[in-house]
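Subject: Structure for your review

Dear colleague,

Please find below the structure I am handing over to you.

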Amino acid sequence: KSHTNIALLYDATRVRPKSLAILREKVQKGGIEVLFAAGQLERAFARPHRTLFPTFMVTDRPDRIVYELNRGKVVVLIHGTPFALVAPGYFFDFFSAMDDLYYPGWVRTFFLGLRFTALVVTLITPGLYVALTAFNPGVFRAQLTLSIAGSRAAVPFSAFFEMLFMMIALELLLEASVRLPKSISATATTVGGLILGQAMTAAGLVSDIMLIVAAVVAISSFVIPVNAMFYAVRIARYPILLLCSLYGLVGLGIGLVGLIFFLAGKESFGEPYLYLPFDPK
């Protein structure tokens, strides 16, 4: 109904023909009556194969678009919106920022390593805490084991419910920071987080060590530069946490192996999702 113009941009000498054919077929099918945002196309294209992890890069940066065109990708431009879709989207693309190109090589490598370290920390730390606290406390040194046990002595919940309660509280704080006006969001969430953390530890609902773990998890998740992957990783923590609450460290291994198998079997417009975007030379 809106008759919105859509343009497919690509470098004919570099584009992957299979990805271009799949994307062109999806655009021609349409299926949206009124198109006013790039996110609508993203949902429409992913509808037959709904998945947690994004297969599109959504960007409003011209330098990112030129960079991706030079790498053989297809860019979808929509009239009336500054955002563009870039396909295919590989897993490792969502951990790179355009600012990395302007840094020396070793600095860029350091920040990339920092982001992947943050990915591992935010994925496994909640489940690892539950597994080590509830199933395998012998992994710690005796002093640390006694410290954790003393900190949790007044907590009436299991480690799983303690961690789940804290993660949901963090999600509420993050959502509140997004929805509140920018002028008060930072102050409100900071004060709310401090009061909430202090009140919960004073009431014996969570332990002091749990607050440290939750803070590390939250800070690590913020390191991921692309929002679509940021939200996906936040949700992927919960199945791993559940497996760890059932099977301990074995559950952590099952969750990580299952996640890797899932990503390895996933495709983005005919291309492997775990494709390594490095120069073949």
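Predicted model: local features only at pLDDT ≥ 70, side-chain atom pairs only at ≥ 80, totals over all residues.

The largest nonpolar core comprises 27 residues. Those with the most contacts inside it are Phe53, Phe91, Leu123, Met229 and Tyr273. At least two residues of this core come from each of the following: helix H3 (62-70), strand E4 (84-87), helix H4 (105-134), helix H9 (227-247) and helix H10 (249-264). H9 provides the largest share, seven residues. Leaving aside residues up to four places away in sequence, Met229 touches Phe53, Pro54, Phe91, Phe94, Phe95, Ile224 and Tyr273. There is also a second, separate core of 16 residues, with Tyr129, Met163, Met167 and Val217 among them.

Glu68 lies in helix H3. Its relative accessible area is 0%, and because buried means under 20%, Glu68 counts as buried. Beyond residues up to four places away in sequence, Glu68 touches Lys73 and Val86.

Helix H8 (residues 208-222) contains 15 residues. From its first C-alpha to its last, H8 reaches 22 Å, close to the 21 Å expected at 1.5 Å a residue. The buried residues of H8 are Ile209, Met210, Val213, Ala214, Val217, Ala218, Ser220 and Ser221. Of these, Val217 is also included in the second core. The elements covering the buried residues of H8 include H4, helix H5 (142-151), helix H6 (159-179) and H9.

Yours sincerely

How values were computed:
Residues numbered from 1 in each chain as written. Heavy atoms only, no water. Core = buried A, V, L, I, M, F, W, Y, C linked by side-chain atoms within 4.5 Å. Buried < 20%, exposed > 50% of the residue type's maximum accessible area, 1.4 Å probe, protein only. Helix = DSSP H or I, 4+ residues; strand = E, 2+ residues; numbered from the N terminus. Contact = heavy atoms within 4.5 Å. Expected span 1.5 Å × (residues − 1).
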